Amino acid sequence: MAQIEVKVPQLSESVAEATLLSWHKKVGEAVTRDENMIDIETDKVVLELPAPSAGVIVQLLKGDGATVVADEVIAIIDTEAGAQVSPIAVTAAPAAAAAPAPAAAAAAPAATGGSKGDVAMPAAAKILSEKGLSAGDVSGSGKDGRVTKGDALGASAKPPAAAPAPAAAKPALQKVAAPSSPASLGDRPEERVPMSRLRARIAERLLDSQATNAILTTFNEVNMKPVMDLRNKYKDKFEKEHGVKLGFMSFFVKAAVAALKKYPIINASVDGNDIVYHGYFDIGIAVGSPRGLVVPILRNADQMSIAEIEKKIGEFGAKAKEGKLTLDDLTGGTFSISNGGTFGSMLSTPIINPPQSAILGVHATKDRAVVENGEIVIRPMNYLAMSYDHRIIDGREAVLGLVAMKEALEDPARLLLDL
């Protein structure tokens, strides 16, 4: 039997460990080379783990929800086995060959080929643990008989089944804890689920930002009519020429770069007692995704055309929705832009994304009554907010930097003439 190991891929330097989300294959099933076997979640992205070779899975050393590190072996593939090999026969072989290490097999419930109800999803496992139940006490309705969160929540309505527990179950898991029934909550149900790695990392970074930065926010308003007129005049030709719609974010990116060039301290970062001035402009664009907020990076944004910026932002949005953003997409950045206006936000005080020292908050553009030349007129106005680290950025640079963005947006020709 020719066996090869399936290992966790290399993670970025800033990522120490990851979580196995859900196996797409089970023991005894055939896989083809480069077929995705499992999704692996880090605190930044979800990675797909392709099969290193074609064959049959003979052992899964780590189950769904397990914490793993780079290069850790999580599965074994027999490259010579046929697709007709039965799961029982396949799992028996590695068990005999690995007799000196029973602990590894015990740690992988999916590899034992046990009964359908002996594997619980991560959220379900936590609920069952709080109720003093094991996965074997509940009939699973999920894929391959896995116990889902709904199964776990409903299990408390009746005592655990008196049927014999699976052979691998520990006696300590058979006790009955007499938890309160969800039914007793009436119309006030609650649900407890663990944070994803990304959400936990977001929480950690935001708390760290507020704890380590002297955050102050300055505001200004911008008349978006010149940009809107320019966009309305050329949007059809632009889309026909470049194959992408002309949005507003490219103008905000260009305006931000123009301001950062004038006031380099806004594009700098703190490293201990040093100030690091960056001679490049990598702009992070905050994007909402099903997994939470992510900030992919427009690298060398000063060298990008408006069309290139729009294409890249569209690419980031699509990849975020599909969970395809890579670690490289999310690493680095010297300044960030967050567009809460997409969701209707009128004002906000954005939190700095460490180790950056400033972030621009863009909001919804609304028609407002403003005074121009002593007369009240209606203009499409947008409120800009820039949060900055007051440790290295003084109020003068912050205010002038935001004014530079305002002036560029109110006279877009400045962006073309580099004024």
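**Notes on a predicted model**

1. Let's begin with a lysine: Lys25 is buried, at a relative accessible area of 19%. Bear in mind as you read that this is a predicted model. Lys25 has a salt-bridge partner in Glu35, with the closest N and O atoms 3.2 Å apart. The two sit in distant parts of the chain, Glu35 in the loop between β3 and β4 and Lys25 in the loop between β2 and β3, 10 residues apart. Glu35 is partly exposed, with a relative accessible area of 24%.

2. The loop between β3 (30-31) and β4 (36-41) also holds Asp34. Its backbone is worth a look: phi of Asp34 is near 75 degrees, a positive value in a residue other than glycine. Asp34 counts as exposed because its relative accessibility is 55%.

3. Asn373 is another non-glycine residue with a positive phi, about 55 degrees. You'll find Asn373 in the loop between β18 (366-372) and β19 (375-389). With 82% relative accessibility, Asn373 counts as exposed.

4. While you're checking the backbone, look at Pro354 and Pro355: a cis peptide bond joins them, with omega about 5 degrees. Pro355 belongs to the loop between β16 (335-339) and β17 (358-362).

5. Back to salt bridges, of which the whole structure has 11. Lys62 and Glu72 form one, at 3.4 Å from N to O. Lys62 is in the loop between β6 (55-60) and β7, and Glu72 is in the loop between β7 and β8 (73-78), so this pair ties together parts 10 residues apart in sequence. Both ends are partly exposed: Lys62 has a relative accessible area of 23%, and Glu72 has 21%.

6. Within helix α8 (residues 306-322), Glu315 and Lys319 are four residues apart, about one turn of the helix. Residues three or four places apart in an α-helix point the same way, because there are 3.6 residues a turn. The side chains of Glu315 and Lys319 meet in a salt bridge, 4.0 Å from N to O. Glu315 counts as partly exposed at 34% relative accessibility, while Lys319 counts as buried at 19%. A network of salt bridges links Lys312, Glu315, Lys319 and Asp329.

7. Which residues of α5 are buried? They are Arg197, Leu198, Arg201, Ile202 and Ser209. These residues cover an arc of only 135 degrees around the axis, so they are on the same side of α5. Leu207 and Ala211 are exposed on the other side. Among the elements covering the buried residues are β2 (18-23), β4 and β9 (215-223).

8. Now for the largest nonpolar core, which has 75 residues. Those with the most contacts inside this core are Ile74, Val253, Ile266, Ile283, Leu298, Phe335 and Ile337. Helix α7 (residues 249-262) gives the most to this core, nine residues. Domain 1 (3-78) and domain 2 (200-416) both contribute residues, so the core lies between them. A second, separate core has eight residues, including Leu128, Ala135, Ala152 and Ala155.

9. Ile337 is a handy place to start exploring. Leaving aside neighbours within four places in sequence, the contacts of Ile337 include Met249, Phe252, Val253, Ile283 and Ile359.

10. Last stop: Leu415, in helix α11 (residues 413-417). Leaving aside neighbours within four places in sequence, Leu415 is in contact with Phe251, Lys254, Ala255, Ala258 and Ala408. At 22% relative accessibility, Leu415 counts as partly exposed.

Technical notes: Residues are numbered from 1 along each chain as its sequence is written. This is a predicted model: local features need pLDDT of at least 70, side-chain atom pairs count only at pLDDT 80 or more; totals for chains, interfaces and linings use all residues. Side-chain values use heavy atoms; hydrogens and water are left out. Buried means under 20% relative accessible area, exposed over 50%, partly exposed in between (1.4 Å probe, protein chains only). The arc is that of the directions from the helix axis to the C-beta atoms. Contact means heavy atoms within 4.5 Å. A nonpolar core is a set of buried Ala, Val, Leu, Ile, Met, Phe, Trp, Tyr and Cys residues joined through side-chain atoms within 4.5 Å. Domain bounds come from an automatic or database domain assignment.
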